[in-house]
Structure formats: structure tokens, C-alpha cells
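Work through the exercises below with the model open. Try each task before reading its solution.

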Amino acid sequence: MTLRLEQVTLTHGDGDEQVHALDDVGLEVQPGELVAIVGPSGSGKSSLLAVSGALQTPNAGQVEVDGVDVIRASKAERARLRRERIGFVFQADNLVASLTVLEQVLLPRYLQGHRPGQDRDAAHRLLEEVGLAHRATHRPHQLSGGERQRVGIARALMNDPALLLVDEPTSALDHRRGLEIVGLLARETAAHRVATIMVTHDHSMLEHADRTLAMEDGHLTRAH
Amino acid sequence: MFLALRELRFAKGRFSLVGLVIALVATLMVLLSGLATGLVDDGIAGLRALPATHLAFDEDADVSFPSSIVERDTWESLAEAPGVEEAAPLGNTLFNARTDQDVPVDLALFGVEPDSFLAPEPQDGAPLGAEADGVVIAEAIADQGVEIGDRLSIEVVGLDLTVAGIAPTGTFGHVPVAYAPLDVWQQAAFGHSPDAADRASTIALRLDDGADVAGLDAGHGTETVTRSESFHASPGYTEETQTMQMIQAALYLISAVLVGAFFVVWTVQRRQEIGVLKALGATDRLLLREALGQSAILIAASAAAGLAVGSLLGSLVGDQVPFSLQLGPVLSSMGLLVLFGLVGAAFAIRRITAVDPLIALGGSR
Ligand SMILES: Nc1ncnc2c1ncn2[C@@H]1O[C@H](COP(=O)(O)OP(=O)(O)OP(=O)(O)O)[C@@H](O)[C@H]1O
Ligand SMILES: [Mg+2]
């Protein structure tokens with residue numbers, strides 16, 4: 001099991017103001033599985049990704065990523081876990097403005113201490129997989145929204161992650177582009193045997209998912 | 001420095017703008033340094049040219065040329081004291097003189113015994129003592145059209161001097177030095193007072209390495225300082241160096257604040273990106289190293305450009321301005337400029353550590 005959440009609770013604020021972003025959430029995701037999470041705004045979807053991705057420590061519960069107990073891990077160990085075992089595709093502002101497409105994809109390796117350029121071939125292969133090999137020297141401001149998301153996906157796969165966390169990959173795209181991106185995610189999930197969680201509020205994007213879960217008021221349930 | 005260099009290239013507009021300002025500060029710094037060195041030289045070159053190692057002032061004079069008066073007994077006794085190779089009286093007073101053609105000439109009149117080790121060797125004309133009222137003048141006075149054989153009159157004391165020789169005697173208190181025989185100087189300084197012949201301003205000394213300076217002072221009622229310490233006794237020296245140092249200090253501060261302010265804005269603008277990098281597992285250490293390296297490149301390159309422009313401008317400065325570029329002071333001021341810039345940058349860059357990787361998940365947070 002790549003990701004295991006048990007009885008995870010995450011609250012913000014205190015007293016009357018208290019918000020349960022996650023309320024007794026349990027979730028397991030296996031390698032090669034694409035889990036979609038739908039739910040209204042403010043229901044806790046991003047919070048689920050934050051906790052699963054070792055970005056935020058929950059108030060209670062267990063979080064295990066690729067065998068690592070995230071709750072017990074130090075700040076440095078969590079950074080290392082993100083660097084080596086987790087891939088992120090964020091909703092927006094995913095990329096580093098000053099880097100070319102190829103450099104974006106090389107970035108995770110650089111953060112791991114590789115010399116820049118050492119992994120050029122692997123980066124090129126990933127860019128081919130997402131259909132952007134011909135844009136390798138372009139910078140983010142020269143790309144369309146969908147192209148940027150595809151660069152983000154290639155980058156997230158560069159460190160051979162066990163867990164891929166994707167937040168609203170289609171929110172900035174039209175329906176057709178959105179489907180393309182989700183199709184790409186499904187293919188990459190299978191090809192790289194990675195456990196993927198994709199958050200979306202667009203119900204028409206669910207056909208590629210192996211499983212769909214619904215988030216509501218911090219509760220995670222099977223989708224109807 | 002994967003990120004730092006690419007950012008420098010990507011945002012070259014913004015970086016060159018601050019770079020330009022830092023370079024201007026550096027240019028100013030170079031010019032100021034040249035002016036400081038030149039000005040200081042102009043104040044004390046005449047002292048530096050003295051073949052003495054130390055100068056003995058009257059102990060009550062607070063190491064000041066105008067207030068110091070020493071007596072013949074003292075210099076004669078010092079000349080015999082252990083550790084003293086040479087001791088000779090030195091008179092030192094600023095005067096306004098006029099040439100035959102009624103051209104005003106400022107001069108620092110140095111009175112020395114013509115047969116002492118202080119007597120200048122003229123390049124042109126006769127040495128001191130060849131004529132009773134003969135003086136050896138600095139080239140700078142000759143440059144004003146004064147020739148050998150001309151008369152210089154010091155009206156306030158009613159004294160006429162004859163230009164006997166020309167030598168590289170330098171300047172003192174921004175005024176060219178003219179050497180006169182001691183008795184002529186005594187007349188100029190003290191008029192016909194009865195004990196004028198037994199007085200001078202200070203005593204120039206050539207001391208052995210191990211000489212007991214404190215012992216000499218205790219025995220003679222003098223305060224002896226090294227030649228370079230005596231620079232502080234020359235008119236305006238301390239004020240000038242302090243003013244220059246204050247301007248320089250202000251420029252260092254400006255550099256620190258300027259670089260600091262730029263990197264505060266730059267870091268705040270990149271907050272989202274820093275969050276993304278941290279979410280991808282970038283450590284604070286790596287990000288701080290990148291940012292500090294980036295500021296170092298920016299500041300050093302700008303300072304180098306400013307140094308080049310400043311040196312170029314400095315080489316165009318004419319003779320009228322006391323300007324002297326010297327490698328040591330210029331490089332040390334550039335070094336400090338870079339250092340202060342880095343301190344400013346470091347302060348700004350610190351806030352990288354406060355960025356929460358969680359912000360990568362979205363602007364709503
Ligand atoms: N730092 C915070 N302080 C207080 N409340 C927070 C904080 N972060 C999130 N919340 C609250 O927690 C709840 C869950 O937020 P979350 O961002 O996970 O929702 P979401 O499902 O991703 O919403 P959206 O679809 O709009 O992105 C929301 O009610 C939100 O207001
Ligand atoms: Mg969200």
C-alpha cells in the first residue's frame with residue numbers, strides 16, 4: 001500500500017470558529033491506482049492532499065506514505081519524502097517562471113542533488129510522454145494552460161514517485177483539454193505504477209478513474 | 001546555482017536596474033576614494049617627504065604644528081641622546097606671499113638648518129644656505145610662474161625671500177612647501193623677539209629601531225610621534241579623513257539598504273514559487289544558498305562595472321583636483337561595498353525560511 005490514512009482529523013481555528021477540514025478520514029491507495037476525489041468547494045479536498053503529501057500534519061490519525069510514518073517524521077524527513085517519493089501537480093502557478101520546460105522537468109533531480117543536465121534523457125522521455133518534446137526550450141509564459149499542466153505532470157513524475165497528488169488539474173481548461181489531461185494522468189499512473197490521487201470538482205472527468213470518492217464537510221465517502 | 005543564474009537571466013531587466021544603481025554607488029565610491037587619497041596626500045605629502053622617522057612636539061602642544069614650540073637646548077640634547085641617529089629643528093608655518101609681479105602665492109614655510117639632514121636637494125638652482133635669504137620651493141610654486149632668482153615677499157612680517165632652488169618638497173595643508181634656512185623662518189615666525197634664534201616648531205628625528213621613545217620624551221618634555229602619526233597634526237587632516245570616511249560609511253549603508261530592499265521585494269514576489277519549490281522538497285539551505293549566491297553575483301558584477309567606470313573617470317580628472325587612485329584603498333572600499341550589500345541581501349533573503357510549502361496548494365490559503 002503506497003498511501004494509508006487512518007482516522008485523520010484536521011481542524012483549523014478554535015472554539016466557535018473551528019472548522020473540520022478533515023473529519024475521521026480513512027483512505028488507502030495502491031500502486032497503479034487512480035483515485036478521483038470530488039466534492040464542493042471548501043469540503044476539504046486540498047486538505048486531504050496536503051496531509052497525504054506531508055505538507056501539513058493532521059491533529060489526529062495516521063498517515064503513511066510508501067512505508068514512512070509522516071506524523072513522526074521531522075521537517076527535514078518530510079521534505080526528503082516529498083523530494084524522493086511524492087509527485088505534486090498543483091492547481092495553478094505550478095511552474096518556476098525562469099525555467100524552460102526541460103529545466104522544469106529536471107528540477108526535482110536538481111533538488112535531489114543531481115547535477116543539472118545529468119538526467120536530460122529521462123526528462124526528454126517524459127516530455128515526449130506528455131507530448132511536449134517540441135516545447136523543451138520554452139518558458140511557462142509561452143505555454144497554454146493545458147501545456148503548463150502537462151509540464152507539471154512530467155515534472156511530478158521525474159523523481160519516480162510512489163505517490164502522485166494532483167489538485168484540480170483541469171480547472172483552467174476547457175472540457176476537451178481537461179479530458180486529455182485526465183487521460184494522460186491515467187496512462188502515466190498505469191505506466192509508472194504510481195498511486196495517484198486526483199482532486200476535481202468536475203464530475204465529467206471521472207471516467208478514467210479506478211475509484212471515485214466524494215468529500216463533503218471533511219468526510220470522505222464512496223461516490224454514489 | 002541552477003535557479004539563481006536562470007533567474008538572473010530571466011529577470012535581467014529588474015536585475016540590471018538595481019545593478020545599475022549599485023554600479024553608480026561603486027563609481028561614486030571609487031571617485032571618492034581617489035579624492036580622499038588625493039586630498040590627504042595634498043595635506044601631508046610634505047611631511048611624508050621628510051627623511052625623518054619621528055617628530056617630537058612640545059609636550060603641551062597636543063601634537064599640533066601651530067601650537068608647538070621647541071627650544072634649542074632640547075634639540076641639541078636630543079641629538080646626543082641614546083637611540084637618536086639624527087635630530088634637527090623644523091620650523092613650520094603657513095604664509096601668504098607675493099611675487100615680484102604681485103601674484104599671490106600660498107606657501108608652507110619649512111625652516112631647517114641648511115647643514116642638517118632635513119635640507120632638500122634642489123633639482124634646479126642652489127641648495128639652502130648658498131644665499132642668506134634663499135629658499136628652495138616646491139615645483140607647484142614654480143608652476144605658478146615663479147622662477148629662480150625671483151623675489152617672494154611675506155608682507156605681514158615684512159620679509160623678502162629669494163628663490164634659490166626648486167625641489168620636490170610636496171605640500172602641507174594643501175599648500176606647496178618652501179624650505180628656508182632656520183634663521184629666516186625664525187624671523188618670519190617670531191619677528192625680532194630676542195629668543196627667536198633658539199626656537200623651532202618641532203624636532204625631526206631619525207631614531208634607531210629600538211629607541212626608547214617614552215624615555216626620550218620624559219627627559220626632554222616632548223611628545224614624540226612617528227612621521228605618519230604626525231599627519232594628524234597637520235591642518236585639516238583629521239577633519240578631512242573623517243568627512244571622507246563618513247561619506248563612505250553612508251554609501252556602504254546605502255548599498256546595504258538598496259540591495260536589502262530589492263531582495264525583500266524580489267523574495268515577496270517569488271513567494272508562491274518558493275512555496276512550490278519547498279513543496280517539491282527543496283530545503284531552506286538550498287534556497288538560501290541560491291538566493292545568496294544570486295545576490296553575490298549581482299553585487300560583485302555591479303561593483304566591478306562601477307570600478308571600471310570610476311577608474312576611467314578618475315583617469316580623466318585634471319591636475320587641478322587632488323585625485324589619486326590607489327589599488328589598496330579602492331579595492332578595500334569595493335570589498336566593503338560588496339560585503340555590506342551581502343549583509344542587506346542576507347537580511348532580506350532570511351524570509352525564505354518563513355515561506356510555508358502549503359501555499360503551493362493554492363492562493364486561497
Ligand atoms: N489555514 C486555514 N485556516 C482556516 N481555515 C482553513 C485553512 N485552510 C483551509 N481552511 C478551511 O478548511 C476547509 C477545507 O479547505 P480545502 O482547501 O481543503 O477545501 P477544498 O475542498 O480544496 O476547496 P476548493 O474546492 O475551493 O479548493 C475550508 O472550509 C477552508 O475554509
Ligand atoms: Mg482546493
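A polar contact is a pair of N or O atoms within 3.5 Å; within protein, one must be able to donate a hydrogen and the other to accept it, and residues adjacent in sequence count only if both atoms are side-chain atoms. This is a predicted model: local features need pLDDT of at least 70, side-chain atom pairs count only at pLDDT 80 or more, and totals for chains, interfaces and linings use all residues. Residues are numbered from 1 along each chain as its sequence is written, chains are lettered from A and ligands numbered from 1 in the order in which they are written, and side-chain values use heavy atoms, with hydrogens and water left out.

**Exercise 1. Describe the site of ligand 1.**

Step 1: polar contacts. The side chain of His12(A) places an N or O atom 3.4 Å from a nitrogen atom of ligand 1. For Ser41(A), a polar side-chain atom is 2.5 Å from an oxygen atom of the ligand. Gly42(A) uses a backbone N or O atom, 2.8 Å from a ligand oxygen.

Step 2: burial. Alone, ligand 1 exposes 640 Å², and the protein buries 66% of that (Shrake-Rupley method, 1.4 Å probe).

Step 3: the shell. There are 13 residues around ligand 1 (a heavy atom within 4 Å of it). Ser41(A), Gly42(A), Lys45(A), Ser46(A) and Ser47(A) come nearest. The shell splits into three nonpolar, seven polar and three charged residues; Gly counts as polar.

Step 4: origin. Helix α1(A) gives the largest share, three residues (helices are DSSP runs of H or I, at least four residues; strands are E, at least two). β2 (19-29) and α1 (45-52) of chain A each supply at least two. Chains A and B both contribute residues, so the site is shared between chains.

**Exercise 2. Characterise the packing of α3(A) on α4(A).**

Step 1: geometry. The axes of α3 (101-111) and α4 (120-129) come within 9 Å and cross at roughly 115° (lines fitted to C-alpha atoms over the stretch in contact; angles run from 0 to 180 degrees between N-to-C directions).

Step 2: contacts. Val101(A), Leu102(A), Val105(A) and Leu106(A) of α3(A) meet residues of α4(A), including Ala123(A) and Leu127(A) (heavy atoms within 4.5 Å). The contact has seven nonpolar residues, one polar and one charged.
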